[in-house]
Amino acid sequence: MRLAELSARSGVSTATIKYYLREGLLQPGHRVTATQAEYGEEHLRRLRLVRALIQIGKMPVAVAREVIAAAEDTSLDHHMRLGAATRALPRVPGPAEDDEATGIAHRSVDALLEQLGWHGMHDEPSPALGTLITSVAALVRLGYPCDTAHLLPYGRLAAELAVADLDAVEEQPTAAGQIEAAVALTVLYEPVLLSLRRLAHVQESARRFGGR
C-alpha cells in the first residue's frame, strides 16, 4: 500500500507517519521510485504498536524508539528482548536507601521474593523492583500493613497473570511477533489490570457494605 492508504487504514496522519519514519519508530517502506515507497501489513502493525506505546503507555518518543530498538536487537537473547517494554515503562523515583522505611521495605520484598521462588531478581535489576520497594516503603510510613504475609497474595496473583501473559505471547508463531506482542501486552494490559481491580473493589464493597 502507498502512504495515503497506510494513513487511512491506521488512522495516523501522513505527517505523523513521516515523523515516525524520521525518528526510526517505523521501518522504511519498499522504495518503488525516488519519491514513493510501498508499505505492508507489518508497517500497519508497527504503527498501531507505536501509537499504543505513546498514547496509552505515555512513553516519550525517544523512549518508544529505545523500546523498539531493544526489541529488534538480535544481539540480545529472547528473554531480554521480551522485557524491553517493561524496563522502559514510566517509573517512580528509586527508593531512598538511607531511609528506615526503605530498609523495612527491602526486607519485606526480599522475603516475598524468596517465598515466591523468584530468585536472581537482584542479579538482573529491574525498574519494577525499585518501584515495588519504593511503594512498600510509602505504605510503611503511613502505617498500612505491608509485611510479607500481606504482600504474598498479590505476588501469587501476579505469578498467575504472568503465565497468562506469556501464554498469549507464545501464541504468536514467530519470534518477531512474540516480541511485538510482549511490548503491546505489557503496555496495554497495565490499564486493563488497574481498571479491573477498581471494578472488583466496587463489587466487593457493594457486597460487604451495600444497604448499611
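This is a predicted model: local features need pLDDT of at least 70, side-chain atom pairs count only at pLDDT 80 or more; totals for chains, interfaces and linings use all residues.

Q: Why is Met121 called partly exposed?

A: Met121 has a relative accessible area of 35%. Buried means under 20% and exposed means over 50%, so a residue with 35%, like Met121, is partly exposed. Met121 sits in the loop between helix 7 (100-116) and helix 8 (127-142). Its C-alpha atom is 9.4 Å from that of Asp110, and the two residues are 11 apart along the chain.

Q: What makes Thr131 partly exposed?

A: The relative accessible area of Thr131 is 22%; buried would need a value under 20%, so Thr131 counts as partly exposed. You will find Thr131 in helix 8. Between Thr131 and Ala184 there are 21 Å in space, C-alpha to C-alpha, and the two are 53 residues apart in sequence.

Q: Why are Tyr19 and Tyr20 called an aromatic pair, and what makes the pair tilted?

A: Two values settle this. A pair of aromatic rings is described by the distance of the centres and the angle of the planes. The ring centres of Tyr19 and Tyr20 are 6.1 Å apart, and the limit for a pair is 6.5 Å, so the two tyrosines qualify. The planes make an angle of 45°; stacked needs under 30 degrees and edge-to-face over 60, so tilted is the word for Tyr19 and Tyr20. By this rule the count is 1 aromatic pair.

Q: How do you know whether Tyr20 is buried or exposed?

A: Tyr20 has a relative accessibility of 7%, and the cut-off for buried is under 20%, so Tyr20 is buried. Tyr19 has a relative accessible area of 31%, which makes it partly exposed.

Q: What makes up the lining of the second largest pocket in terms of nonpolar, polar and charged residues?

A: The lining divides into 11 nonpolar, 4 polar and 7 charged residues.

Q: What is known about residues 1-70?

A: An unreviewed UniProt entry places the feature "domain: HTH merR-type" there. In the model, this stretch is 61% helix and 6% strand, with its end C-alpha atoms 27 Å apart.

Q: How many helices and strands does the protein have, to finish?

A: The protein has 10 helices and 2 strands. From the N terminus, the order is α-α-β-β-α-α-α-α-α-α-α-α. The C-alpha trace spans about 65 × 50 × 30 Å along its principal axes.

Notes: Residues are numbered from 1 along each chain as its sequence is written. Side-chain values use heavy atoms; hydrogens and water are left out. Rings of Phe, Tyr and Trp (its six-membered ring) pair if their centres lie within 6.5 Å; planes under 30 degrees apart count as stacked, over 60 as edge-to-face and the rest as tilted. Buried means under 20% relative accessible area, exposed over 50%, partly exposed in between (1.4 Å probe, protein chains only). UniProt positions are given in the numbering used here, feature names are shortened, and annotations may be inferred rather than shown by experiment. Helices (H or I, at least four residues) and strands (E, at least two) are DSSP runs, numbered from the N terminus. Ala, Val, Leu, Ile, Met, Phe, Trp, Tyr, Cys and Pro count as nonpolar, Asp, Glu, Lys and Arg as charged, and the others, Gly among them, as polar.
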